[in-house]
Every structure is written in structure tokens, then in C-alpha cells.
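Good morning, and thank you for the time.

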Protein chains: 2
Amino acid sequence: MAIAGSVEAVARLKRSRLKVRFCTNESQKSRAELVGQLRRLGFDISEGEVTAPAPAACQILKERGLRPHLLIHDGVRSEFDQIDTSNPNCVVIADAGESFSYQNMNSAFQVLMELENPVLISLGKGRYYKETSGLMLDVGPYMKALEYACGIRAEVVGKPSPEFFKSALQAIGVEAHQAVMIGDDIVGDVGGAQRCGMRALQVRTGKFRPSDEHHPEVKADGYVDNLAEAVDLLLQHVDK
Amino acid sequence: MAIAGSVEAVARLKRSRLKVRFCTNESQKSRAELVGQLRRLGFDISEGEVTAPAPAACQILKERGLRPHLLIHDGVRSEFDQIDTSNPNCVVIADAGESFSYQNMNSAFQVLMELENPVLISLGKGRYYKETSGLMLDVGPYMKALEYACGIRAEVVGKPSPEFFKSALQAIGVEAHQAVMIGDDIVGDVGGAQRCGMRALQVRTGKFRPSDEHHPEVKADGYVDNLAEAVDLLLQHVDK
């Protein structure tokens, strides 16, 4: 179920003269699946309005002539349908969940070790996330494992990478100083957006923790209880 | 099969007045199994002569009242028979091979995250090793994954940890400056021993690579073609 007021808040935003873009680090599902879930919750959202790591990675792969070995969740595989994966010359790693078996990790490792110039692209670098069953390892730890094994550094696609925020801004033709990021992750959402020159509000929902308001490195431009309150704030400023 | 001359070299060492200790980072098998394999190859070696990470870790666990959650290979589990693993207050990770499943990694991660003061003990920190089927991920990458996931640093038991070399020296009552380490790993064997005040010879067998003789950080006190040549050298010095 959506947080109270969020469906209506998105609708109000889209009726305003503001431009809206949805930025997610979701990399277990395709945009189609993600948008389907959100629409069933009542949100007015379409695939074309979403900036997500998998399509961003596909663009990088095409631009640089990279053919990936994919260590990813089956749910996101369809995003790579148009990508040549024969004779791989890089590895793309995403939150693969149960597919992070020893065998799959070792195969990715072996591909990297056979390359003269090993390229590892990671969809996000989150440490973990919370499910009803408890905390779950995200892609970050596995990215670090391959970095250490191969003596390389991964290229991260997704929040808080500046390129990722820039591609979201480009998609709607908005300058960073005109944009406001709204998110629940003090580092990935707020810190990342601010480093790009955007302002950022943190919502006190999802992965928000009270200690975030005294974070040693990142200070949001504002803290709001939820998305509805964030949209109230934005629309007040627009009306002025 | 043993490298030519090695069985006889060990026999000559043990007939001399030198004290001998075998230091291994093997953490997939128990000492009993390792020694059994070596004896079948003809080596004169007994369990009591071996310094290995698992028994060293057991001593640390006992001294500090730690009850481990074990993420290890079944082959080494017998080394922990005397250890209380109920209600764990630390994690011990070793080269677990196929047992490095997502589920097992996540269980270890969850144990660490529930501890107020998470302790992670790693048996070695090797990046990878070579098998006939190709390169295989060692414990190091998985140690790094848990370090990143939990925001902690692991305690490494095994070469090149100084405590590990010291416990080997203690076991035979020899001072570091009197001892010579012989090994094939320029960093783990040679560098580690030297940092403890020992001298160290590198053998040009096993994981030796020609570039080791120009290593940017570690310079062995001598390079020899194999164990037999190392023992020749030692015994010449003893006779003088």
C-alpha cells in the first residue's frame, strides 16, 4: 500500500507546471514491472518518466561498444534484451539476490581476469536493504568483493553518481539549480543530488532514520514528514 | 605428486639440529586431512607440527569468550568441534567455496548486524587461487563484502598476520631473528615473515611469478628454485 497522501501528491505535482522525473536505484526489476506495481497502487506514472540504472547502463554499454557478462536478477534481464552479450568484454553487476551464488560470482570474476583492461559496471552500490524477513545484502558488498579480487574499481551507475542525476535532469530539460530532489536516502538521494547542484528534501519515510537529521556529512535543504508534505512545500513556492 | 626433492628435503631438515614448523593458510581442510594428504605423498609430518588458521582462530575464540557463527567449508568444520557456537557473538569466515551462497552470506551479515560490537574473524584474506578448472575466489573478497556491508574491519588470522607467525615461532621456542621462512607467496609468506623480524626465502614454485623478484614492496632475502635448494642453503649455514 502507498503511504497516505502520496498518490494524490504525485497527481498534484503533475497537474502543476513543474516537470517531474522519477529516479530509482531499483535493479531487481525492469521499469515495466516497477511502473506496473506503482500503477496498481494508483500512481500516475509511465515507463518514460523513470530514470533507472539498467537503462542508463545500457546506454553506456552502447556508447562504449561494451558487451557485458551479466550478473543480475532475472527480473531485470529484459532491460538488456537489445544488448550484445556474446564474447563479453566487461561485467555488469546488479542486486542479483539469490543469483549471487559462488559459481556465478566466480564466473564474473573469471571474465574480468581474462580481460586486459577489466571493466566492472555496478548498478548502485547499496550496502543492504530491509525486507519483511530482515536485512538483505545489496549489490555493494558483491561489487566490493569483485573489486578486491581483481584489484580494480567499479563504475557505479545509479544514485548517488552525478552522471545519473544529470541524465535525469537532461531527460526533462531542467538545470540542476532549478531542480529539487525528494528522497528517503540521506546519502544516495540527498547528498548525491546536492553534489550535482540540486537542492534536496529528505522525507521521514522508508529508510529514513532520525539520526539522518544530524548526519556528519550531508544536510538536507529540508526535512518533511512524507511526500505529500514535500509537494505542499514545492507548490507553495511555485505559486509565489 | 610432490615437487622433486621436496620429500627428501623435509627429511634432511628434520635430521638436522634445526627446528621445523609448517605454516599454512589452508582453511578448507582440517590439519588431520592436510597432514594425511602430505603423508601419502611421503612427507614426514604430523598434526602437531602444523600452524594453521583454524586452530589459531579457535584459540582466539576461547581466549576472548567468543561464540562464532561459522561461514566455512565443511572440510574444516571438525577443527571447531570443541567450540561453543550457540547464541553467536561473532562471525568466523574462511574459504567456504560453494558454501558462499547468497543465503549463507546473508545469514552471516544478519548475525553481525545484530551485534552491538560486531567481530568478524577471517581465516586469511587471499584474493583467489588456481585450480585445474581455473581461478577460484578465495575468502578475501567475501571478507571485503561483509566489511563493506557492516561498515567494519575484519581481524585476519593466518599469514601474513604477525600474530600468526609469532604463534608458529612460539610453538618451537625460536626467536624471530633466528628463524627463516620458506614460501612461494611473496607478500603472504616472505613479506609477512620479514615484518616479524624473520628472514625469508622465496621458492620459484607454486604461486611464484617471475615478477615477484622485482616486487615493488617486498624483497626476499634469497630466491631459490625449490624447497630442496632452500634446505641446501640452510644446512650449509648450519654446518659452518
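**Domains and copies**

In chain A, the C-alpha centres of domain 1 and domain 2 lie 27 Å apart. The contact between them, meaning heavy atoms within 4.5 Å, takes five residues from domain 1 of chain A and six residues from domain 2 of chain A. The bounds, which come from an automatic or database domain assignment, are 6-24 + 160-239 for domain 1 of chain A and 53-157 for domain 2 of chain A.

Before I continue, please note that this is a predicted model, in which local features need pLDDT of at least 70, side-chain atom pairs count only at pLDDT 80 or more, and totals for chains, interfaces and linings use all residues. Residues are numbered from 1 along each chain as its sequence is written, chains are lettered from A and ligands numbered from 1 in the order in which they are written, and side-chain values use heavy atoms, with hydrogens and water left out.

How much area is buried between domain 1 of chain A and domain 2 of chain A? The value is about 380 Å², with carbon and sulfur atoms giving 68% of it; buried area is the accessible area (1.4 Å probe) that two parts lose on being put together, summed over both. Across this interface of domain 1 and domain 2 of chain A, the rule finds zero salt bridges (a side-chain nitrogen of Lys or Arg within 4 Å of a carboxyl oxygen of Asp or Glu).

Turning to the copies, chain A can be laid on chain B with an RMSD of 0.1 Å, by a turn of 180° and a shift of 0.1 Å along the axis. The superposition is by least squares on the C-alpha atoms of residues with pLDDT of at least 70 in both. The two copies are therefore related as by a two-fold rotation axis. Of the interface residues of chain A, 100% are also interface residues in chain B, so the copies meet through the same surface.
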